[in-house]
Amino acid sequence: MPEKKKLLEVKDLKVVFGSGKKAFTAIDGVSFDIYEGETFGLVGESGSGKTTIGRAIIRINEAAGGEILYQGERISGKISKEMDRKVIENIQMIFQDPMASLNERAKVDYIVSEGLYNLHKFKSEAERKEIVSKALLDVGLLPEFASRFPHEFSGGQRQRIGIARALVMEPKLIIADEPISALDVSIRAQVLNLLSELQKKKGFTYLFIAHDLSIVRFISDRVAVIHKGKIVELAETEKLYSHPLHPYTRALLSAIPQPDPLTERVKKVEVYDPSCHHYETDKPRWIEIEEGHFVLANQEEEEKYQEVLRRS
């Protein structure tokens, strides 16, 4: 089996908002790697810090500590103009709200071309129009839609325009920040299938941010679970879903609605209580409990989790 190549490395990342007494640590010591060609899911409830991590990677949020490496080169903190251009070219973001993330006064043609204009990635006007037409076709829209304004489209179509805007840059990493949570349920599957098809066709790597664990299971290769700015568990998708160890992960999974009404009626929803940990005397560490399965645990919990895995 060929060795997986790391595309992005997040090492001990810390993001702080405000300063002095009003300082708030949104992300505290987060570490993970994303490999080329995979979909890495980042899951947690609202306010857990998922989007903050995505925005730190594309340099919207400043890293207060730790570092972010892209293809082995540091992209956090002060970087050169060349490196900044490399980040813009190679890392793109699909935003949560397709209405708020598109310029209402600009036509689709300009919206999709924005990155091309900024980095002068076309030789002639004819070539630019060709790139835009191809991007729109790739996301299932007609090239003639380029002359329209965003308000003329449905939510699902607007999100496709947002995806086309990311596509034209031919990035290697796409950060999909809850790309379907603002869409109707009937359209969500279409957009998810589109993202999967584009990955097969163009070989993208995704950081897929979401709060819905059932959706993440459908699209991700590996999943990290985040709670209040700390990653508490990380594993391959099926391993995490079949053997969740951390109480917070178990609580999230227990809340997933079941399609069978009888199962849904008898299922027991777990409630996460942070006081169950006893971290005052025994501090937690980020440990690899089994190959590729990491969890935040102290000594007592590590022994308990290993026992759970032995029995399963």
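Student: Leaving aside its neighbours within four places in sequence, which residues is R188 in contact with?
Tutor: The model is predicted. R188 sits in helix α6, residues 185–202. Neighbours within four places in sequence are left aside, and the contacts of R188 are then I180, S181, L183 and I215.

Student: What separates the C-alpha atoms of R188 and I215?
Tutor: R188 and I215 are in contact. They lie 27 residues apart along the chain, and their C-alpha atoms are separated by 9.4 Å.

Student: Why does R188 count as partly exposed?
Tutor: Buried means under 20% relative accessible area, and exposed means over 50%. R188 falls in between and counts as partly exposed because its relative accessibility is 23%.

Student: Which strands are the edge strands of the open sheet?
Tutor: Eight strands form the sheet, with mixed pairing. Their order is β6-β7-β8-β3-β9-β10-β12-β11. An edge strand here pairs on one side only. The edge strands are β6 (91–94) and β11 (285–290).

Student: Over how many bridges do β9 and β10 pair?
Tutor: Strand β9 covers residues 222–227 and strand β10 covers residues 230–236. H227 has K230, in β10, as its bridge partner. The two strands pair in the antiparallel sense, and the number of bridges is six.

Student: What angle does the direction of helix α9 make with that of β9?
Tutor: Helix α9, residues 247–254, packs on the sheet. It touches β3, β9 and β10. The direction of α9 makes an angle with that of β9 of about 105°.

How values were computed. Residues numbered from 1 in each chain as written. Predicted model: local features only at pLDDT ≥ 70, side-chain atom pairs only at ≥ 80, totals over all residues. Heavy atoms only, no water. Helix = DSSP H or I, 4+ residues; strand = E, 2+ residues; numbered from the N terminus. Buried < 20%, exposed > 50% of the residue type's maximum accessible area, 1.4 Å probe, protein only. Contact = heavy atoms within 4.5 Å. Pairing = 2+ DSSP bridges. Axes fitted to C-alpha atoms, helices over the stretch in contact; angles between N-to-C directions.
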